[in-house]
Amino acid sequence: GIEKCRSSIAEVLGAFADQIIFNSGASEGVSHIVHSVLEIAPANKRVIITSQLEHVAVLKALSYYQTSRGFEVKYVQNDQDGRIRLDHLKTLLD
């Protein structure tokens with residue numbers, strides 16, 4: 001069953017079976033990763049830099065952390081081709 005699949009995938013990837021997580025799609029997977037990372041973020045690491053071009057699942061998860069968990073979310077500007085404006089990113093990193 002599913003546990004055999006989990007073990008097989010873990011073996012191919014060189015991981016432990018309990019490190020393999022299945023989900024129903026991209027939105028659930030993205031949400032899981034964002035929440036997993038931000039739930040353990042130290043108190044002095046509460047600024048997130050992202051782009052408005054991110055997947056809606058990312059933007060919704062970050063909005064939750066901004067409105068409910070005290071994180072600051074900054075949005076880097078993109079050029080007309082969708083590339084991150086490095087000059088703007090540098091100002092956000094300061």
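A: One aromatic cluster is formed by Tyr64, Tyr65 and Phe71. The structure is a predicted model, in which local features need pLDDT of at least 70, side-chain atom pairs count only at pLDDT 80 or more, and totals for chains, interfaces and linings use all residues. Residues are numbered from 1 along each chain as its sequence is written, and side-chain values use heavy atoms, with hydrogens and water left out.

The structure holds two aromatic pairs (rings of Phe, Tyr and Trp, the last by its six-membered ring, pair if their centres lie within 6.5 Å; planes under 30 degrees apart count as stacked, over 60 as edge-to-face and the rest as tilted). The ring centres of Tyr64 and Tyr65 are 5.0 Å apart and the planes stand at 85 degrees, so this pair is edge-to-face. Tyr65 also pairs edge-to-face with Phe71, at 5.4 Å centre to centre and 90 degrees between the planes.

Tyr64 is partly exposed because its relative accessibility is 34%, whereas Tyr65, at 1%, counts as buried (buried means under 20% relative accessible area, exposed over 50%, partly exposed in between, with a 1.4 Å probe and protein chains only). Phe71 is buried as well.

Tyr65 and Phe71 are among the ten residues of the largest nonpolar core, which also includes Val34, Leu38 and Leu62 (a set of buried Ala, Val, Leu, Ile, Met, Phe, Trp, Tyr and Cys residues joined through side-chain atoms within 4.5 Å).
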